[in-house]
Structure formats: C-alpha cells, structure tokens
Amino acid sequence: ARVINLSLGGGGFSASSQDLYNELRSLGIVVIAAAGNESSSAASYPASYDNVISVTAVDAQQRITSYSNTGVTVDISAPGGDGSVDLNGDGYPDGILSTGGSDGEHAYTFLSGTSMASPHVAGVVALMLSVNPELDGDDIDRLLGSGALTDDIGETGRDDLYGYGLINARKALDAALSEA
C-alpha cells in the first residue's frame, strides 16, 4: 500500500505509534487520518501524529462542520457532510453517500463526519501517485503547504479551521504531473 486512510480515532499520544508513522513515511507510505468529530481544537490521534495528514470536514457550502475538530494539527479539509440539513431540497440529508449495513443487510446510507472526509483526501493522493509514482509523503506535504492541492477557503494560507484549504482533485493531479 502507498496510501493508508484511517477513518478512526484512538487514545492519546504514544511514542511507539509515532515511531510507526515515521517508519511508514520512510517507506514511502502516505497516511491520512480523520481529525475527529468532537468539535475540539485539542490534538486527536492518530490524525495529530507527525507524518500523518489530518483531515477536517466541510459541509455542502464549504464551511467547517459543527462537529469537526480543528486546530494547529489540521492539515486539510474535505467534504464530510451534514446529515442534519437538506440545503439542496432533494429530500435527502446532506451527508456523504456511503455503504453500510448490519446483520447481513447492505445498503447505501448518508453519513457525516471527518471519517467521510479523510477518504476524499486519500483518494486524491492515490490518484496523484498513480500519475507520478515517484512522489513520496514529503512531496505531498510540500505540495500541500504550497497550496498546490487545495482551494484556500479560510484565512489566507494555513489556518486552524481548514488547514491549507479544501482538497481540489484537479489541482492535485496537475501538481503531481508537473512534478514528474
């Protein structure tokens, strides 16, 4: 695997976990994690580890969601949905359409959370690596920091709500190709 998505939260900081994320980065693996859904600016793990890209969530109007964690460790934002509203009036909540199921039953369902946002970023990073396999995690971080992968939707530059901005797949692919 070249890209790992972690749509989960865990305990506090662990030196051995940090060592693992450092090792994964050294092996060329990019780890992306959900920032958390506690409406907090406190560090949340695994998203807050060094060498992990932390993803917060925006709604259909590209605004930070009420549940999203924010703060100094947030790197980027992506669609995470808001199941409490139907702003476009289509009769469905404005969540992210996903697969779900239990007891052997499978269905599509609308979900909301940073766990819905981080796969958007992981998918874009995978696309970038597919067009330029020479890229590594340090390259992704550099491109992210330069604004080459995002639309800046918060304060100019990096901010504690949106990180470096909203993921933009077209810009990210163009950046990956220009690096080739």
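A cavity here is a set of grid points where a 1.4 Å probe fits but cannot get out, and its volume is the space filled by probe spheres set on those points. Keep in mind that this is a predicted model.

With that in hand, how many cavities of 30 Å³ or more does the structure hold? There are two cavities of that kind. The second largest cavity has about 30 Å³ of space. Its lining is made up of Ala-35, Ala-42, Ala-43, Ser-44, Ser-48, Ser-54, Asn-69, Thr-70, Thr-73 and Val-74. By class, that lining of the second largest cavity comes to four nonpolar and six polar residues, with no charged ones.

The largest cavity has about 40 Å³ of space. Ile-53, Ile-76, Val-121, Val-125, Ile-140, Leu-144, Leu-149 and Ile-167 line the largest cavity. Two elements give two or more residues each to this lining, namely helix H2 (114–131) and H3. Which classes are found in the lining of the largest cavity? The lining has eight nonpolar residues, no polar and no charged.

Now the open space. The largest pocket holds about 160 Å³. Around the largest pocket sit Arg-25, Ser-48, Tyr-49, Asp-50, Asn-51, Val-52, Ile-53, Thr-73, Asp-75, Asp-141, Leu-144 and Tyr-164. E3 and helix H3 (137–146) are the elements that contribute two or more residues to the pocket lining. The lining residues of the largest pocket split into five nonpolar, three polar and four charged. Some residues come up in two linings. Ile-53 and Leu-144 are in the lining of the largest pocket and in that of the largest cavity. Ser-48 and Thr-73 line the largest pocket and also the second largest cavity.

Back to one residue from the second largest cavity, Asn-69. Asn-69 lies in the loop between strand E3 (52–58) and strand E4 (76–79). Is Asn-69 buried or exposed? Its relative accessible area is 2%, so Asn-69 counts as buried, the cut-off for buried being under 20%. The side chain of Asn-69 has a polar atom 3.0 Å from the backbone oxygen of Ala-35. Leaving out residues up to four places away in sequence, Asn-69 touches Ala-35, Gly-36, Asn-37, Glu-38, Ser-39, Ser-40, Ser-44, Thr-56 and Val-74.

Most residues other than glycine have a negative phi, and most peptide bonds are trans. Ser-39, which is not a glycine, has a positive phi of about 55 degrees. Ser-39 is in the loop between E2 and E3, and with a relative accessible area of 46% it is partly exposed. The loop between strand E2 (30–34) and E3 also holds Pro-46. Tyr-45 and Pro-46 are joined by a cis peptide bond, with omega about 20 degrees.

Asp-103 also has a positive phi, near 50 degrees, and is not a glycine. Where is Asp-103 found? Asp-103 is in the loop between strand E5 (96–102) and strand E6 (105–111). At a relative accessible area of 79%, Asp-103 is exposed.

Next, the rings. The structure holds five aromatic pairs. In one of them, the ring centres of Tyr-92 and Phe-110 are 5.4 Å apart and the planes are at 35 degrees, so the pair is tilted. This pair links distant parts of the chain, as Tyr-92 is in the loop between E4 and E5 and Phe-110 is in strand E6, 18 residues apart. Tyr-92 is partly exposed at 46% relative accessibility, and Phe-110 is partly exposed at 31%. Separately, Phe-13, Tyr-21, Tyr-45 and Tyr-49 form one aromatic cluster. Tyr-45 in that cluster is the residue joined to Pro-46 by the cis bond, and Tyr-49 is part of the lining of the largest pocket.

Last item, Ser-115, in helix H2. Ser-115 counts as buried at 18% relative accessibility, because the cut-off is under 20%. Leaving out residues up to four places away in sequence, Ser-115 touches Ser-7, Leu-8 and Ala-34.

Methods
Residues are numbered from 1 along each chain as its sequence is written. This is a predicted model: local features need pLDDT of at least 70, side-chain atom pairs count only at pLDDT 80 or more; totals for chains, interfaces and linings use all residues. Side-chain values use heavy atoms; hydrogens and water are left out. Helices (H or I, at least four residues) and strands (E, at least two) are DSSP runs, numbered from the N terminus. Buried means under 20% relative accessible area, exposed over 50%, partly exposed in between (1.4 Å probe, protein chains only). A polar contact is a pair of N or O atoms within 3.5 Å; within protein, one must be able to donate a hydrogen and the other to accept it, and residues adjacent in sequence count only if both atoms are side-chain atoms. Contact means heavy atoms within 4.5 Å. On a 1 Å grid over the protein atoms alone, a cavity is a set of points where a 1.4 Å probe fits but cannot get out, and a pocket is an open set with protein on both sides within 12 Å along at least five of seven lines; lining residues have an atom within 4 Å of a point. Ala, Val, Leu, Ile, Met, Phe, Trp, Tyr, Cys and Pro count as nonpolar, Asp, Glu, Lys and Arg as charged, and the others, Gly among them, as polar. Rings of Phe, Tyr and Trp (its six-membered ring) pair if their centres lie within 6.5 Å; planes under 30 degrees apart count as stacked, over 60 as edge-to-face and the rest as tilted.
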